[in-house]
Amino acid sequence: MGLRSKQPKALAFRCYAASHRSLTLAVWSLAALVVVVNFHLLIIHKEDESTSTHEINRSIVSELEEVEEEKFRVSPPRSRRNPRAVRRKGEQKPPSVVDEFLDESSAVHDMFFPERNMAIDPINGGNDSMYFYYPGRVWLDTDGNPIQAHGGGVLYDEKTETYFWYGENKDGKTYKAHSKGADRVDIVGVSCYSSKDLWTWRNEGVVLRGEKKNVTHDLHKSNVLERPKVIYNDRTGKYVMWMHIDDTNYTKASVGVAISDSPTGPFSYLYSKQPHDCESRDMTIFKDDNGKAYLIYSSEDNSELHIGQLTDDYLDVTDNMRRLLIAQHREAPALFKYEGTYYMITSGCTGWAPNTALAHAATAIMGPWETLGNPCVGGNDIFRSTTFFSQSTFVLAIPGLSGSFIFMADRWSPSELRDSRYVWLPLTVGGLPDEAADYSFMFPLWSRVSIYWHRRWRLPEGWRDS
Ligand code: DGJ
């Protein structure tokens with residue numbers, strides 16, 4: 001009985017223990033299941049999230065990459081219109097589209113320099129629509145005046161979270177200093193405009209003024225001040241401006257340096273020099289992610305470019321200089337960086353007349369640099385071979401949109417330089433390059449740099465927080 005009575009107890013205990021173990025197991029399994037399911041759901045959610053972020057980015061980028069074809073009719077050249085003139089002078093070579101474009105009395109010129117009533121006008125809601133860029137139209141500031149920031153560049157100031165656009169103020173009379181001289185405007189100075197959205201620009205005034213009286217001063221109005229660019233020095237807390245300084249005949253071929261405590265100036269002019277004892281005409285500066293900065297300038301009669309590292313305070317060049325694109329005759333350099341590779345857009349050397357842009361790339365900023373080809377996409381042949389009738393000046397990264405940039409260029413109007421227009425277009429890096437020569441072991445060495453033609457475009461909504 002005792003035994004019997006024990007056995008059931010032990011059995012009961014074993015049963016109880018067994019059922020307790022299986023209960024614990026069940027609870028743990030359930031818990032594990034809950035964890036696994038939750039984890040899985042989390043992953044799916046994350047994947048969804050990243051797919052949708054990716055999707056958004058994709059659609060934004062494809063929006064920027066849209067290509068527009070342009071069909072424009074050029075009216076017959078005027079020399080052909082009058083049969084009498086043809087009889088008198090004989091059949092002459094008709095002017096090219098570029099000749100017509102440069103001739104202010106031609107219909108072609110009017111097409112590329114639309115009237116002021118077509119202006120991009122932020123105070124009147126952009127005339128047609130807000131935030132749209134219209135390459136070649138007059139662009140008004142928030143006071144209703146045409147923006148005067150030619151050959152310029154944009155600085156993003158982290159302290160004020162504001163964009164500052166600096167450029168040549170050419171608001172003066174266009175004239176030739178002598179019959180063979182280039183069309184010119186006396187130095188007015190460097191203008192600065194501020195913006196939070198890269199579209200509505202407030203005039204901050206002339207932050208570096210030309211000099212009216214002292215004829216020996218670099219900034220005397222009779223000289224040349226072109227392509228000013230500003231970078232911020234994190235060590236000294238100063239805003240540093242570099243610019244092309246020249247005399248009327250472009251024989252001084254120097255760079256000038258100015259400095260300010262504030263992005264809106266006033267900038268104090270320091271000095272000019274020929275960097276590395278070389279001629280320097282069209283130029284730009286570039287600040288790398290590590291805080292090192294560089295001057296890139298056209299030299300040796302514009303036949304090559306030089307790149308020189310700046311001193312730590314950005315006020316001078318160091319001896320570290322390399323020659324690049326030797327004998328390629330390039331000017332108007334605009335440098336940018338994407339995913340560790342350096343890119344540069346340049347123009348040919350044809351005065352104020354537009355010509356074909358080229359993109360170049362390098363894995364180290366001091367070179368070697370390689371030429372990738374013409375980055376212009378869309379428009380038509382003549383658009384692509386004239387950089388959309390403009391000349392490069394700067395490439396600005398669009399924050400939040402990796403691989404997307406704004407290509408900034410000038411559509412010069414040599415007969416009325418103050419009426420020169422801005423051509424801002426989306427630029428992207430990605431896809432295969434055109435040239436077979438850029439392939440090594442069947443793999444392309446570089447990504448394609450593309451500047452897409454649009455008559456009208458805007459940055460995708462929410463570009464800052466995407
Ligand atoms: C082309 C340059 O890119 C411009 O900055 C200006 O110097 C003109 N030449 C003058 O002809």
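I looked up asparagine 169 in this predicted model and noted that asparagine 169 is buried, at a relative accessible area of 12%, where buried means under 20% (1.4 Å probe, protein chains only). Residues are numbered from 1 along each chain as its sequence is written, and side-chain values use heavy atoms, with hydrogens and water left out. Local features need pLDDT of at least 70 and side-chain atom pairs count only at pLDDT 80 or more, whereas totals for chains, interfaces and linings use all residues.

I placed asparagine 169 in strand 2 (residues 162-169), strands being DSSP runs of E of at least two residues, numbered from the N terminus. Setting aside neighbours within four places in sequence, I found asparagine 169 in contact with Gln148, Val188, Gly189, Ser191 and Val206, contact meaning heavy atoms within 4.5 Å.

I turned next to the ligand, which is surrounded by Glu226, Arg227, Tyr250, Asp282, Glu331, Gly351, Trp352 and Gln391, each with a heavy atom within 4 Å. An oxygen atom of the ligand lies 2.6 Å from a polar side-chain atom of glutamate 226, and an oxygen atom of the ligand is 2.9 Å from a side-chain N or O atom of arginine 227. For glycine 351, a polar backbone atom is 3.4 Å from a nitrogen atom of the ligand. I recorded that the protein covers 92% of the 290 Å² of accessible area that the ligand has on its own, by the Shrake-Rupley method with a 1.4 Å probe.

Terms used
Polar contact = N/O pair within 3.5 Å; in protein donor to acceptor, adjacent residues only side chain to side chain. Helix = DSSP H or I, 4+ residues; strand = E, 2+ residues; numbered from the N terminus. Buried < 20%, exposed > 50% of the residue type's maximum accessible area, 1.4 Å probe, protein only.
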